[in-house]
Amino acid sequence: MKNIYLKTSSTLLLLLVFSTSFAQVILEGKVKDEQDTPIVGVNIVLKGTTNTTTTLPDGSFSIEAKSLPFTLIVQYAGYNTKEIKITELPTNVKPLEIIISYGEEKVLSEVVVTSRRRIEKAQDIPIAVSVVTGKQAEQAGAFNVNRVKELIPSVQLYSSNPRNTGINIRGLGSPYGLTNDGIDPGVGFYVDGVYYSRPAATTLDFVDIDRIEVLRGPQGSLFGKNTTSGAFNITTRKPSFTSGADFEVSYGNYGFLQAKTSITGGLSKKLAGRISFSGTQRDGLIDNVATGRATNTLNNQGIRGQLLYNATENTNILFAADITTQRPDGYAQVIAGVAPTKRAAYRQFDAIIADLNYQLPSRNAFDRKIDHDTPWRSGQDLGGASLNVDTKIGKGTLTSTTAWRFWNWDPSNDRDFTGLQVLAKSQNPARHTQLTQEIRYAGQVTSKLSGVVGAFFIDQTVKIRGTEESGNAQWRFSQSPVNYNNNGVTTPVPLARWAEPGLLEGYGIRTIADIHAVSAALFGQLDWQITDRLHILPGLRYNYDKKESNYDRQTYGGLQTNDPQLLAIKRAVYTNQTFSANKDKFDFSGNITVNYKATDKINGYATYAKSYKPVGVNVAGLPTPAAGQTLADLAVIRPEDVNHYEIGVKTSPFKRAILNLTLYNTDIKDFQTNVQAAELGVNRGYLANADKVRVRGAEVDASFVINEHFAFNGALSYTDGKYVKFTNAPLPLEETGAPVSFKDVSGSTLPGVSKWAGSLGGEYTKSAKFFSNLGKFFVAIDSYARSEFSSSPSASKYLVVQGYAIFNGRFGFRATEGLSVNFWGRNLLNKDYFEQLLPAGGNAGHYAGVLGDQRTYGITLKYSL
C-alpha cells in the first residue's frame, strides 16, 4: 500500500513542478439545446485528428485550434451528431454558439472510431465493431481487458496466469489452454497504434483510456500485424495545452485499493505533456492453509508519460513511454475434481494420495482453500516507448509509428496443485523484446476514392530459461511399468524400485529456449464510392514471416547411480531433448466488402476475407515422436489458412436507438491448437495442427434511450465452433493410459466456446447538484451470462465449465468537474463459477479450476479539474 502512496505523491510533486501552461491560440465556444439551455458533457472532436474535449456545466468548451479551415464533430447522447466547419476564429463580437437538437440516433451510434485510420461514426463503417469509451469502462469497473469481456460477449479471455493468457474473439485467436511463445496471437492488440505481441499485455490495468474499439473478423488490410479473428484498438487520452487533472481512488472489501492520477498541460507554446499513474492492490481471495495467509493478491503499478509537439500546423509528434510492474502473490488454482483414468488402479489419484497419507484440504473448490507447498509467483515487468509522427500531405495523413517494447516474466507455480512435493519447482522465466515500425498513408485519393496503404515490420526475440524439479512424492505419481536393457534383453523394472530413497528428489530439467521472429508486410484498403449509398472496399496484404527457434533441455540431480534399473526409471520421468526449427513463408491475403446504405437508418454490408496465421514453432518440449516422426517434424506448426464470410446490418429502427445484426462463417485449415501431453517433460503442452475447424454464429447489439432518465443496452452472441476434422487429437483426461496415443475428435466442440453469451444493462440518471457541482445521480445494473463450454483441447466430460450469470451494480453521482462518487458491487449474487479448468502436470486424474471472483464491493471517489 505504501508503494501506491509513494508513487502517487512523487507523481503529483513532479507535475506541480512541470505542469505550468503557456498561452496558445485555442478555439472556444458554447453548446446549447433548442431551448437555449447550456448542455454539459457534450463531446467535441476535431475531425481528422484524435483531439477531443467535453463541454463544462455552462456549455462552454475549448479545443486546440488547427489551421483554418477545420471541422468539429459535436456529439451528445440522444441528439443528432453535428458537423461544424470553422472558417474563421470566433471573437467577442461574434462568439461561437452551437445549437444541437434531439435526433434519431442513440449514444452508441454517435461514438466516433479510428479503426479505419480516420474519424467516423461506428454505425457508418462496414465492420462489426463494439466500442467502449473510457468513461463507460470506468463506470462499469472494467479496469482491464478481462472485465471488458463482460461488456462484449463475443470476446473471450482465459488466464491461469499472465503468461498463460489467451484472448479470443468469436472463439478464435489463441490456442485454448497453456500458452506457447512460438505462436502468434490471432487477435491484434494495439495501444495508440503500437502492436503488443504478447497476450500478457491484456492483464495490464487501463491507464487514461479514451476509447476501446473491438473489431470482429480478420483485419489484415487495416492494421500492421495480421489478425485472423479481430483486433483491440485502444486509444488513450492525449496531452492537452489546456491544463486539466483527474484524481481517483477506490476502496473495497478484501483490502482493495486503487489509485489513479492523470495531469496534463502545456509546457510551451508547441509542447504539451500528460502523465498518468495507476496502482492497484488487493488481499488474496484464496486461503493457503499451509502458509496461513491468503493468496491470489493484486499488486500492480503503472505509469505512462506523453509529450505532444506541434512542430508545424500540419505535423504533430507524440512521444510516449510506459512501464508497469506486477508482483501478485498468486494465480493459484484450486483442485476442482478428480477424474478416473484408464491407468491401473494403483495409478489413480485417490490411491496415490492414500499411499502417501495425504488428504486435500477440501474437496469443494469453492471453499477456496489450498495447501500448496511451492510458492506461487507471477512477477512481470512490461513497458516500452514509441514515437508517432502525423503529417498532413495533400488530402490525407502520413503516419509513422516506431516502437520498442519488452516483457519480463518471473514465475513460480505449483503444477501438482497439492501440498505434496510432487513438483518442487515449475518455473519458466522469459524475456521478450520487440521492435516495430509502421508507416501508412490514409486519405482521399479522388472525390470517389479514399483508403489506406502501409508497410509494417516487427522483430521479436524471446529467451526462456526454465527449471522443473521433482520432489519427494514424484516417485508415487510417476510410478509405472518401465523396461531396461539387461544384457541385450528387454526386462521389466520391479515397481518397488520406484521407492528407492532420494531417487527422484531434486531430479529435474533445465531448459534454454530461444526464438527470433521477423515479419514484414505491405497492406492497403480502398473505399470506392460507386454512388452516395453504394461502396466497394477491396483490401490486400502481402506478408513475409520467418521464425528461428532452438530448444535444449538437460536433466540434472536426483540419486547419482549406475544401476540400469534406476536409470531407466529416471529416463521415464525426464530425458534430455534438443531440437531446432527454421521456417519462413510468404503469404498473400485479402478481403472485399460491399457496403450499401439503404437509408440513413439502415447500413448493410457483406464481406469475404482470406486470411492466415503465420507458421508456429514449439519451444516448450515435445512428446516422444510417433513411429515415422522426429522431433524436427513436431517442432514446426503449419500456418492457418482462413476463409471468412460475413454479412451485417446496422440500423436505427426508431428514435434514439440502434439495433445491429451480424452473421458469419469462418473456415480454418490447419488450425493451430494446444495439446496437453501426459509426459512431464512437456512443460506447458505443445502445439499441433487440426485438419479443419469451422466457426459460425450470429451477433446482436442493441442500445436505446427511452427518455432523459432511462437508457438500456444489450448484446447477444451465438457461436457454433467445431473440429470438422481432427484425427490425431490428444486423449481427454479420463482416457489417459489408454492403449492408443491419439483420438479422432472430428465433429466435437472447440474448447473455450460457449454457444450462447450475452450482456444486458440499464441505467437511470437524473440531473442534480452535489457539493455545488452540477452532474447526474445514477443507478445502474449490468449482467453477463454464458452457457457451458469445454475446457479441454479434446472434449472431456470432466473438464466442462458450467454456464453462469453474474450481476454487477452501481449508484452515485457523476460530475463533469469536481467530485464524483460511485458505490459499486460485482457478482452481487455471490455466484460460484469457474473461468477455466485444467489438468495437473502428468495427468494423474486430478484437475484444477481458475475461480471467478466472489462478491466484491466498494466506493470510488473521483475529482476532476
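The legends below accompany close-up views of a predicted model.

**View 1. Domain 1 and domain 2 in contact.** The contact draws on 17 residues from domain 1 and 18 residues from domain 2.

**View 2. The salt bridge of aspartate 192 and arginine 304.** The structure as a whole holds 45 salt bridges, and in one of them the side chains of aspartate 192 and arginine 304 meet at 2.7 Å, N to O. The pair links distant parts of the chain, 112 residues apart, with aspartate 192 in the loop between β13 (187–191) and β14 (194–195) and arginine 304 in strand β22 (residues 298–310). Both aspartate 192 and arginine 304 are buried.

**View 3. The salt bridge of arginine 293 and aspartate 329.** Here the closest N and O atoms of arginine 293 and aspartate 329 are 3.4 Å apart. Because arginine 293 lies in strand β21 (residues 293–295) and aspartate 329 in the loop between β23 (315–326) and β24 (334–338), the pair ties together parts that are 36 residues apart in sequence. Aspartate 329 counts as partly exposed, at 22% relative accessibility.

View 4. The side chains of glutamate 763 and arginine 814 meet in a salt bridge, with an N to O distance of 3.1 Å. Glutamate 763 belongs to strand β45 (residues 756–770) and arginine 814 to strand β49 (residues 804–815), so this pair ties together parts that are 51 residues apart in sequence. Glutamate 763 has a relative accessible area of 17% and is therefore buried, the limit being under 20%.

**View 5. A nonpolar surface patch.** Ile647, Leu659, Leu661, Leu663, Val700, Leu716 and Trp756 make a nonpolar surface patch of about 580 Å². Strand β40 (residues 657–675) gives the most to this patch, with 3 residues. Leucine 659, which is placed in strand β40, is partly exposed, with a relative accessible area of 39%.

Note on methods
Residues numbered from 1 in each chain as written. Predicted model: local features only at pLDDT ≥ 70, side-chain atom pairs only at ≥ 80, totals over all residues. Heavy atoms only, no water. Patch = residues over 30% accessible without salt bridge, like charges linked within 9 Å, V, L, I, M, F, W, Y side chains within 5 Å. Areas by Shrake-Rupley, 256 points an atom, 1.4 Å probe, with all protein chains shown as cover. Salt bridge = Lys/Arg side-chain N within 4 Å of Asp/Glu carboxyl O. Helix = DSSP H or I, 4+ residues; strand = E, 2+ residues; numbered from the N terminus. Buried < 20%, exposed > 50% of the residue type's maximum accessible area, 1.4 Å probe, protein only. Contact = heavy atoms within 4.5 Å.
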